[in-house]
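Have the sequence and the 3D view open as you read.

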Amino acid sequence: MKKPSITNGVNRGRRRLVAAGSVAVASAALGLRAPAVIGQTKRFSGVTLNVSCWSAKYPRLLEAYVGEFGELTGAKVNYDTPGLQVYNQRADLELSTKGAGYDVLNITFIFSNRWIGNGWFTPLDPYLNDRNKTQADFDFADFLPGAVSPMKDRKGVVYGVPWVTDSGMSVATRYDILQASGLGMPDTFEELEKTLAVIHKKDGVAGFLTDNHWGFWYPPFLQGYGGDVFRGAPDDLMPTLDTPEAIHSADLLARIVRNYSLPGAGGMSYGQTQELLRAGKANYAFVTHVGGMSHAEPEAKVAKTLHFSLYPRGPKGRFPGIASHGWGIPAGSKNKDAAWEFIKWATSKTLITRMVREKHLGSVTRRSIYDAPEYRKLINVNGQDTGQIVLDTIKLGEQGHMKYRTPPVYPQVNVQLNQAIGRIISGQMSAKESMTQAQTSLIADFRRAGMKI
Amino acid sequence: MKPAWETRFPNWRGDLFTLALLVIVLFPFVWIIQLSFRAKADIFDSAILFAPTLENYRALWQGNFALSFVNSIISATSATALAMIVGVPAAFALSRASFRGAHRIGLWILVTRMAPPVAFTIPLFIVFRYLELHDTRTGLVIIYLTFSLAFVIWMMKPFFDAVPRELEEAAAIDGCGTWKTFLTITLPLTGPGLAATAVLCFIGAWNDFFFALILTRTHASTAPVAIVGFMQYVGWEWGRMAAAGTLVMMPVVLFSIVVRKYLVHGLAAGSIKG
Amino acid sequence: MVYPGAVAQPWTERRDRELVWGLVPALIMLASLTAGPIAYLWLTSLTPLNLAQPATQWNFDQPLANYASMFGDPRFANSVVVQVKLSIASVVLQLLCGLGVALLLHPNTKIRTVARSGMLVPMVLPPIVVGITWLALFTVDISPIHRLFAWIGLPFGPLLTNPSTALWAVVFAGTWQHFPFAMLMSLAALQMVPEGPIEAARIDGASRFQVFWHVRLPFIAPTLVVAGLFILIDSVKAFPLLYIMTDGGPGEVTEVTNYYVYRQVFTFSLWGYGSAIAVLMMIAVFLLSYLIDRITRRNDGAWA
């Protein structure tokens, strides 16, 4: 993949960009401050903001820019990006005490309903609707609706500004092997199994590899075969994990992993699988867009043979997983105005456009940036427009199939799904036994959490 | 006739085996240290010789690790100092006194020492919420005292038991008060014990992971938690983890070599585990 | 005034009263730091506390609900089974390795004296560093151990993600870290075995093994029992290695009771339920401590 060259300060002004992104870029080129803070320079002198997010690509890239926010507003920012597990742990505990330890936190996908539903974040509508607090150029409507909806509670109040909508999709790291066998990207789960039977171990490459986050990768199978996690989320949260559809689809997924993956693949974490995929040890994978794009970096062995497709579908349709993460303000924060200023700055068109150009940020949530040719060129992989796959996936989200994520006890659901599929893959239990156990355990978990189902 | 070297080293077979075993046992320790000096590109290269680099250490210095390291030093040192100040006189009192219930106190201290950390963490987490002690070094010191104090008492009492009472009685006859006797006569005699206790107490707090994981966020986060923070979602930063691990384990290894004679007793109290 | 003849105030009695002042601050601190929290833990175990619903903190409507729900919870039962496996394996392996190495290092040669210090290193390392080290050593693509075994023609797969080996891999790492404790206790006990009976047995023509089995072992057995009890209690506290190496998985095969409590409370926010399990753990620890206390008093601290 050819990357657009990084523009330096000298020729920045000469670049011509179309679409909405251009305004922002132009202002950056002229050295203007983000318009939101014009006339309010150093408004937050003496304020210390504690900001934390898990160590995904965007928050880590953002670290290089945080100093600029300090110069703009006078606020001092303590910025921290621990690993996902430690981040979730800390954030959850801090939020549950309604403490003032953090001013800006990431709303992690699997926790979003627990954190938002329990009132642990600050509603952002009063900020968004106040012209003094949010100038028009922030343009909240520019954010993809599919990215914003997980940041809302059931009444539609907004609690977070998304920085990524990670779409579940498929990638073949060695598409050349598929082509050599006369195959394309499989469109259905059944085609997938047949394709893997052909390509497995070809050229010394395992057919399939995906990380152990089955709570995210399994529901598309379940829904594709006509089942669901709950009887009728969000209102009827009776789990339906022991249905024939659930058992059949769990068995299919587990069979794929067992037959066509590397030893021990059923339990590998995201980091581990990413390393192996990059090194070309396994071919077909379910990935998020961000994860898949990291294999297109020049250091990755598979950059030249990468090919993407939509997540496969089942007989009843295509229901790819969509995970949004966004910035929010904890209810206990004592610096909410400054925190809002930070969120606006961190998700502004200006900054995101700069991050795309200067750091090759590959995941965005603003329509205007998706439409900017420069961005689309960036996420074009081997002649394939991955941006379109993302937009199509997010569009599919309008079917509402992600509603299974709505119970506030979703972390338990996630763990139960991870473990249920893990047990089948490792051969500890049959699909039927494992899914039946997941069903009973989940009901017990819900009861214990005081939920009525 | 045996060769000369064999008479000089009659146990050479056992010695050789000892050396081999020592190498095997210490291998993981040495391996993780060498990892910290490898460049990112050849971090898991099997070549034994490589060009060492400090890039992993430099990266640590630029990140938030330095603060965590300082937090670890301050909270472990403060907890040790407090536990010694309060615990040493208590150990002396338990050693010398003949009051009823002294034994029951001993059992209580043992239970405290043995209790699973989660049992204290649940109630103290809730209480800390009201006292606003979350993510503070004060809060950490308080929770470290739950085991440090019991440990100091448990560890110091046998040292006082070993000091002959006759010395104190003689001082008492000369009109010296109990605590003055303690300070001028008994305490100096237990110098090595005090040093060993303090070091083991420090190691116990220094090695803690669980309490810091639950009770700190950013300001008071300790070095062991910071290391786990390097287990990133995208790719593992093995080099940085190894460098941070090396920095964290060096003080305890050095200290423990200094006080190795007293380790047996101290470990029976479980200072270093968990 | 004349000491110690002051009849009205025997010296010891007066001294005891002064000594109390040394004990009081420690007792107050211990009470507020341990007795208080444990009482509060017990109270919490009688409520359905969930921090998302503040009202649950003082809700004592169904005080025994948490305890009752434990019996219908297969994951709790599983965690106890895993705990028992982990504890037994830890005690047996650490005692065997510790005693074996102690027997090897017991003779006083220069090299072995040095080795006695060297062997201590794993024990003082921060558990988190031990966890990371062994996680790397158990990862197929990067571990020199895996490479070595593949080179001699005995390759084996990833141990930590395989449900039939994960727990034993963790036990192995734990044994590496903690065997020096049993070694130190054994060494101390071995130094105290009187030479007389050993010489007598040797003159009678006993083999090395017979000397060990009939003379040394009976003498050091009480020490080994105490060491075993300490290892047992510490195995109940197992946390950092599991957190780093397996996170309780795959499935629940490495989820010990302590880890289950951690999950219930700090991941799922079921404070009441987690507290109830923690109360049971406290009771178990109390009984074990009582046992240690009884044994050590009978042996008059010979092991220390």
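How many disulfides does a search of the whole structure find over all chains? In this predicted model, the search returns zero disulfides. A disulfide is a covalent bond between the sulfur atoms of two cysteines. Two cysteines are worth a look for their surroundings. Cys53(A) has 0% relative accessibility, so Cys53(A) counts as buried. Cys97(C), in turn, counts as partly exposed because its relative accessibility is 32%.

Now turn to the interface of chain C and chain A. Here 29 residues of chain C are in contact with 27 residues of chain A. Between them the two chains bury about 2,300 Å², with 49% of that area on carbon and sulfur atoms. On the chain C side, the residues that lose the most area to chain A are Thr161(C), Tyr243(C) and Phe268(C), which together make up 20% of what that side buries.

What about charged and polar pairs? Two salt bridges are found across this interface.

Which elements of chain C give two or more residues to the side that touches chain A? They are helix 12 (257–267) and helix 13 (271–298). Helix 12 of chain C gives the most, with six residues. By class, this side of chain C has 14 nonpolar, eight polar and seven charged residues.

Terms used
Residues numbered from 1 in each chain as written. Chains lettered and ligands numbered in written order. Predicted model: local features only at pLDDT ≥ 70, side-chain atom pairs only at ≥ 80, totals over all residues. Heavy atoms only, no water. Contact = heavy atoms within 4.5 Å. Buried area = accessible area lost by both parts, 1.4 Å probe. Salt bridge = Lys/Arg side-chain N within 4 Å of Asp/Glu carboxyl O. Helix = DSSP H or I, 4+ residues; strand = E, 2+ residues; numbered from the N terminus. Nonpolar A, V, L, I, M, F, W, Y, C, P; charged D, E, K, R; others polar. Disulfide = S-S within 2.5 Å. Buried < 20%, exposed > 50% of the residue type's maximum accessible area, 1.4 Å probe, protein only.
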